[in-house]
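Please read it alongside the sequence and coordinates.

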Amino acid sequence: MMRFSFVLLLVSLGSALLVVNTQYASRHLYMELEKANALGLRIETEKERLQVDRRAQATPLRVEQLAQDKLQMRTTTPAVTQYVNHGVAIATSQP
């Protein structure tokens with residue numbers, strides 16, 4: 001009877017240790033999941049902010065300003081327009 005009680009005690013202790021280990025692993029995995037969710041939320045927020053910045057950078061007024069400032073471009077007017085005739089010159093014969 002003593003042997004049976006001792007084996008039963010060892011099985012109970014083993015089971016208790018297994019439960020504690022499983023709970024620890026479960027809590028650890030839950031913490032990792034929460035960290036991953038928080039990181040995902042931060043990444044999504046950063047993505048939305050970058051999309052807003054990209055849309056702000058691509059406005060026509062900003063593009064025109066950059067073209068004038070950095071590329072020294074200017075808008076066309078009839079005063080600065082040059083027309084080029086792209087045709088074949090007709091040869092005239094001289095007698």
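Gln72 is exposed, with a relative accessible area of 63%, where exposed stands for over 50%, buried for under 20% and partly exposed for the range in between, with a 1.4 Å probe and protein chains only. The model is a predicted one, in which local features need pLDDT of at least 70 and side-chain atom pairs count only at pLDDT 80 or more, whereas totals for chains, interfaces and linings use all residues. Residues are numbered from 1 along each chain as its sequence is written, and side-chain values use heavy atoms, with hydrogens and water left out.

**The segment after α2**

- Although Gln72 is not a glycine, its phi is positive, at about 60°, and this residue is placed in the segment after α2.
- His86 also belongs to the segment that follows α2 (60–69), and His86 counts as exposed because its relative accessible area is 84%.
- Between His86 and Leu61 there are 25 residues of sequence separation, and their C-alpha atoms are 34 Å apart in space.

**Overall form**

- The secondary structure of the protein chain consists of two helices and zero strands, these elements being DSSP runs numbered from the N terminus (H or I with at least four residues for helices, E with at least two for strands).
- The radius of gyration of the protein chain is 39 Å, whereas a compact globule of 95 residues would have a value near 12 Å; the radius is taken over C-alpha atoms, and the globule rule is 2.2 Å times the number of residues to the power 0.38.
- Taken along the principal axes, the box filled by the C-alpha atoms of the protein chain is roughly 140 × 35 × 15 Å.

**Surface**

- Of the 95 residues in the protein chain, 1% are buried.
- The protein chain exposes about 9,700 Å², of which carbon and sulfur atoms supply 63%, with accessible areas computed by the Shrake-Rupley method using a 1.4 Å probe and, for residues, counting only the protein chains shown as cover.
- Phe6, Leu9, Leu10 and Leu13 make a nonpolar surface patch of about 400 Å², and Phe6 has its place in helix α1.
- Patches are made of residues with over 30% relative accessible area and no salt bridge, like charges being joined within 9 Å and nonpolar side chains (Val, Leu, Ile, Met, Phe, Trp, Tyr) within 5 Å.

**Salt bridges and charges**

- The count of salt bridges comes to two, a salt bridge being a side-chain nitrogen of Lys or Arg within 4 Å of a carboxyl oxygen of Asp or Glu.
- Arg49 pairs with Glu46 in a salt bridge whose closest N and O atoms are 2.6 Å apart, and both residues lie in helix α1 (residues 2–57), three residues apart, or about one turn of the helix.
- Arg49 also forms a salt bridge with Asp53, where the closest N and O atoms are 2.8 Å apart; because Arg49 and Asp53 are four residues apart in helix α1, about one helical turn separates them.
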